[in-house]
Amino acid sequence: MDAMKTRFFLLALLSTGLSLTVDAQDLRPEQGTQPTYQLVDANLIKVTEPTGNFYHVTRDGIREGAFLVEERIDNQTYVTVQGQMNQGKYIGRVVYRMNGEIALIRVYDESGTLIKTTRMHDVSTATLAQN
């Protein structure tokens, strides 16, 4: 696998994919290959994509709560990011896996500030952890 391709993908995933807000008016249950929406409580909606990825949003479209995103880079490599969000920012432990192995753990405080990063150097494709 190309190291630059992995770095580019991870950067794109981190900078855009998980920090976007969703317009609450667009949250309608759909059939087939469309995401499904489940009302968790009066202020929280769980969005599950056909791929199995999920995240929670408030009625205002702000990411809030647990999320899981898995993306394939090529036929042999996939990246999984799992954690919690508060007001659209990561909080607590966010775990990054490559092909099921933990590659990186980042810890954020209650306000979303990154306070610690732990890289796993024994992962065979450690280029992910270098970003």
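**View 1. The largest nonpolar core and the residues with the most partners in it.** In this predicted model, the largest nonpolar core has 17 residues, of which Phe67, Val81, Tyr90, Val94 and Tyr96 touch the most other members. Two or more residues of this core come from each of strand 2 (44-48), strand 3 (54-58), strand 4 (63-72), strand 5 (78-86), strand 6 (89-98) and strand 7 (101-108). Strand 6 gives the most, with four residues. A nonpolar core is here a set of buried Ala, Val, Leu, Ile, Met, Phe, Trp, Tyr and Cys residues joined through side-chain atoms within 4.5 Å. Buried means under 20% relative accessible area, exposed means over 50%, and partly exposed lies in between, with a 1.4 Å probe and protein chains only. In soluble globular proteins, nonpolar side chains tend to be buried together.

View 2. Helices (H or I, at least four residues) and strands (E, at least two) are DSSP runs, numbered from the N terminus. The eight strands form an open sheet in the order 1-2-3-4-5-6-7-8, with antiparallel pairing. Strand 1 (36-41) and strand 8 (114-119) stand at the edges with a single partner strand each, so one side of each is left without a neighbour in the sheet. Neighbouring strands of this sheet are turned by 20° against each other on average, direction ignored, where the axes are lines fitted to C-alpha atoms and angles run from 0 to 180 degrees between N-to-C directions. Of the 131 residues of the protein, 34% count as buried.

**View 3. Strand 3 between its two partner strands.** Strand 3 is largely enclosed by the rest of the structure, because five of its five residues are buried. Both of its faces are covered, with Phe54, His56 and Thr58 buried on one side and Tyr55 and Val57 buried on the other. Strand 2 and strand 3 run antiparallel and are joined by five bridges, and Lys46 stands opposite His56 in strand 3. Strand 3 also pairs with strand 4 in the antiparallel sense, over three bridges, and here Tyr55 stands opposite Phe67 in strand 4. Two strands are said to pair if DSSP finds at least two bridges between them.

**View 4. His56 and its surroundings.** His56 has its place in strand 3, and with a relative accessible area of 12% it is buried. A polar atom of the His56 side chain lies 2.8 Å from the backbone oxygen of Ala66. When neighbours within four places in sequence are left aside, the residues in contact with His56 (heavy atoms within 4.5 Å) are Val40, Leu44, Ile45, Lys46, Ile62, Arg63, Glu64, Gly65 and Ala66.

**View 5. The two hairpins on either end of strand 3, with Thr51.** The hairpin of strand 2 and strand 3 has five residues between the strands, and in it Gly52 takes a positive phi near 100°. Thr51 lies in the loop between strand 2 and strand 3 and counts as exposed, at 61% relative accessibility. The side chain of Thr51 makes a polar contact with the side chain of Asn53 (3.3 Å); such a contact is a pair of N or O atoms within 3.5 Å, of which, within protein, one must be able to donate a hydrogen and the other to accept it, while residues adjacent in sequence count only if both atoms are side-chain atoms. Thr51 and Glu71 are 20 residues apart in sequence and 9.0 Å apart in space, C-alpha to C-alpha. In the hairpin of strand 3 and strand 4, which has four residues between the strands, Gly61 takes a positive phi near 85°.

View 6. Gln87, found in the loop between strand 5 and strand 6, has a positive phi of about 55° although it is not a glycine, and it is exposed, with a relative accessible area of 52%. Asn99, in the loop between strand 6 and strand 7, is likewise not a glycine and has a positive phi of about 50°; at 32% relative accessibility, Asn99 counts as partly exposed. Strand 7 and strand 8 pair in the antiparallel sense over five bridges, and Leu104 has Arg119 in strand 8 as its bridge partner.

**Notes to all views.** Residues are numbered from 1 along each chain as its sequence is written, and side-chain values use heavy atoms, with hydrogens and water left out. As the model is predicted, local features need pLDDT of at least 70 and side-chain atom pairs count only at pLDDT 80 or more, whereas totals for chains, interfaces and linings use all residues.
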